Amino acid sequence: MPGMPIFQESPSQLKSQVYVYDTDTEDIVALTVDSTGSISVTGEVGLASGTEVALAAGSEVALAAGTDIDTVSTVTTLGTVTNDVKVVNGTTGLTVGLASGSEVALASGTEVGLASGAQVALAAGSEVALAASSNIIGKVENELVFTNVDSFGGATPLTSKTVATLATVESDAQDISQESSYNWFIQNEGTLVTQTITLIVEISPDGTNWISDTGTIISLANGVGKMITVTNFLKYARFVITGGAADTSVISCFQAQH
């Protein structure tokens, strides 16, 4: 028409319409862009086998439920994993190395197969349940329990004890019910013949009612040491000293093992 310009007077406002074929609807549709002018692309992108995709730091990849990850070479930072991850290890055995002292909590009834000669350290108080008809092959070592105490309750064995003239001194009662071997050592520390003492061994079923073991009175002169023991058996045993014509002192200890 007369007077209509042939060229666009405002080139910056020039727009063009591009049409494409929509494979989903099989229609010809207008191609749209977003607010930044970029073409919006949705859908699936097929990658050839072996293709590598570099993701920017902080990128997230959403996996559909049930997706398998066949090979993971390196993980530098592990955040929150919200999907189940399946590790496919092929024909190579999967080995997990634990540092020395690591603890593994096992559910009740869990069975663990150990190689021959393997050693397992158990925490104090742990219990090991064996299945019926299980066999244990090994060596059990049992260390004897040894007792060594002062006969008169001293802080250390062989603590000096004074025996006054004609006084009666009782040793501590000892429970011998579970001992396989036991005796007392006693020595008169006096230096004078007037410091000779005598003693007798007594036994009791309850630590209260005492009777003489054999009725034999043992004489212990000054400077003399002896070992004394029990002939008959009741749960408790002790000995009773009677002082001589002068004060003296003795050292004594009870020793036993089982």
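**View 1. Phe239, a buried ring.** In this predicted model, Phe239 has a relative accessible area of 0%, so Phe239 is buried (under 20%, with a 1.4 Å probe and protein chains only). Trp184 is also at 0% and counts as buried. Local features need pLDDT of at least 70, side-chain atom pairs count only at pLDDT 80 or more, and totals for chains, interfaces and linings use all residues. Residues are numbered from 1 along each chain as its sequence is written, and side-chain values use heavy atoms, leaving out hydrogens and water.

**View 2. Aromatic pairs and a ring cluster.** Look here for three aromatic pairs (ring centres within 6.5 Å, using the six-membered ring for Trp). In one of them, the centres of the Trp184 and Phe239 rings are 5.6 Å apart and their planes stand at 90 degrees, so this pair is edge-to-face (over 60 degrees). Trp184 belongs to strand β7 (residues 181-188) and Phe239 to strand β12 (residues 236-242), so the pair ties together parts 55 residues apart in sequence; strands are DSSP runs (E, at least two residues), numbered from the N terminus. Ring pairs join Phe152, Trp184, Phe239 and Phe254 into a cluster.

**View 3. Arg238 over the ring of Trp210.** The charged end of Arg238 sits 4.2 Å from the ring centre of Trp210. For Arg, "over" asks that CZ be within 6 Å of the ring centre and within 35 degrees of the ring normal.

**View 4. Leu114, an exposed residue in a loop.** Find Leu114 in the loop between β2 (27-30) and β3 (146-150). Its relative accessible area is 53%, so Leu114 is exposed (over 50%).

How values were computed:
Helices (H or I, at least four residues) and strands (E, at least two) are DSSP runs, numbered from the N terminus. Rings of Phe, Tyr and Trp (its six-membered ring) pair if their centres lie within 6.5 Å; planes under 30 degrees apart count as stacked, over 60 as edge-to-face and the rest as tilted.
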